[in-house]
Amino acid sequence: MNETLWILFALVDLCMVLVVYRLFGKVGLFGLMVFNLLLCNIQVLKTVQLFGLTTTLGNVLYASVFLATDLLSEFYGKKEARKGVLLGFVTLLMMVAYMQIALLFQPAADDFAQPHLEVLFGFMPRVALASMAAYLVSQLHDVWAFHAIRARTGEKHLWLRNNASTMVSQLLDSVIFCFIAFWGVFPMNVFMEILLSTYIIKFVVAALDTPFIYLAKRMFHKEQAAAPSA
């Protein structure tokens, strides 16, 4: 059940990147990066079994953030891709701060949400710190690697710059996030399984997004901005 749902979720989410881009253009990609990043940091608190491995939910959504970043890099250049990365970072920082303030409010006598919010967002500062560090390092590396490969290959080998930049960046993201968020929280065997499975899942989704970036290139080539600048 989980595996089927995961595959369908991955395909729907990657399709939605193209739908949002078609409807709203570059602004839609910025918005999608923020939306998915915030949801990732909530869904990552849930662990699930996929293909016999224990992993965190949210990996699918995070992979589509990389697809959006690569679309910005390919169509609009390094500057716009970095702008999207920094927008996501600032928004995540604001969410963490605002939710911590929200938890400080004294709940009403008949309030039922406070305990649930405390469970979810009380743990959020550590998760958010892990996510922000991993996100910033991995996404900036993704943008740098994408354009470094493009500088050497030109317009050729879109699959190479898409996969190579994303897969290495996903490894950086997985290692940084898991060590900051989960070190000491889970037993060592569970921690290592989460780290390994998290990267495997992200690796697979990164491979899945390749047809989508080619489809976007084919669908939107007339609407692309000027050639990306360094």
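The following dialogue goes through a predicted model of a protein and the terms used to describe it.

Student: What should I know about the model and its numbering?
Tutor: Residues are numbered from 1 along each chain as its sequence is written. In this predicted model, local features need pLDDT of at least 70 and side-chain atom pairs count only at pLDDT 80 or more, while totals for chains, interfaces and linings use all residues; side-chain values use heavy atoms, with hydrogens and water left out.

Student: How many helices and strands does the protein have, and what makes a stretch count as one?
Tutor: The protein has eight helices and two strands. A helix is a DSSP run of H or I with at least four residues, a strand a run of E with at least two, both numbered from the N terminus. The order from the N terminus is α-β-β-α-α-α-α-α-α-α.

Student: How do you know whether the radius of gyration agrees with that of a compact globule?
Tutor: The rule for a globule is 2.2 Å times the number of residues to the power 0.38, and the radius is taken over C-alpha atoms. For 230 residues a compact globule would have a value near 17 Å, and the protein has 18 Å, so the two agree. Along the principal axes, the C-alpha atoms fill a box of roughly 60 × 35 × 30 Å.

Student: Why is glutamate 80 called buried?
Tutor: Buried means under 20% relative accessible area, exposed means over 50%, and partly exposed lies in between (1.4 Å probe, protein chains only). Glutamate 80 has 12%, so it counts as buried. Of the 230 residues in the protein, 48% are buried.

Student: What makes lysine 26 and glutamate 80 a salt bridge?
Tutor: A salt bridge needs a side-chain nitrogen of Lys or Arg within 4 Å of a carboxyl oxygen of Asp or Glu. For lysine 26 and glutamate 80 the N to O distance is 3.3 Å, and they form a salt bridge. Lysine 26 lies in helix α1 (residues 2–43) and glutamate 80 in helix α3 (residues 78–104), so the pair ties together parts that are 54 residues apart in sequence. Lysine 26 counts as partly exposed because its relative accessibility is 28%. The structure holds five salt bridges.

Student: Which residue does lysine 217 bridge to, and how do you know?
Tutor: Its partner is glutamate 74, with the closest N and O atoms 2.6 Å apart. Because lysine 217 lies in helix α8 (residues 210–220) and glutamate 74 in helix α2 (residues 59–76), the pair ties together parts 143 residues apart in sequence. Glutamate 74 is buried at 1%, whereas lysine 217 is partly exposed at 22%.

Student: What lies between glutamate 80 and lysine 83?
Tutor: Their side chains meet in a salt bridge of 3.3 Å, N to O. Both residues lie in helix α3, three residues apart, about one turn of the helix. Lysine 83 has a relative accessible area of 41%, so it is partly exposed. Elsewhere, salt bridges that share partners join Glu74, Arg150, Arg161 and Lys217 into one network.

Student: What makes histidine 157 worth a look?
Tutor: Its phi is near 55°, a positive value in a residue other than glycine. Most residues other than glycine have a negative phi. Histidine 157 lies in the loop between α5 (124–153) and α6 (158–182). With a relative accessible area of 39%, histidine 157 is partly exposed.
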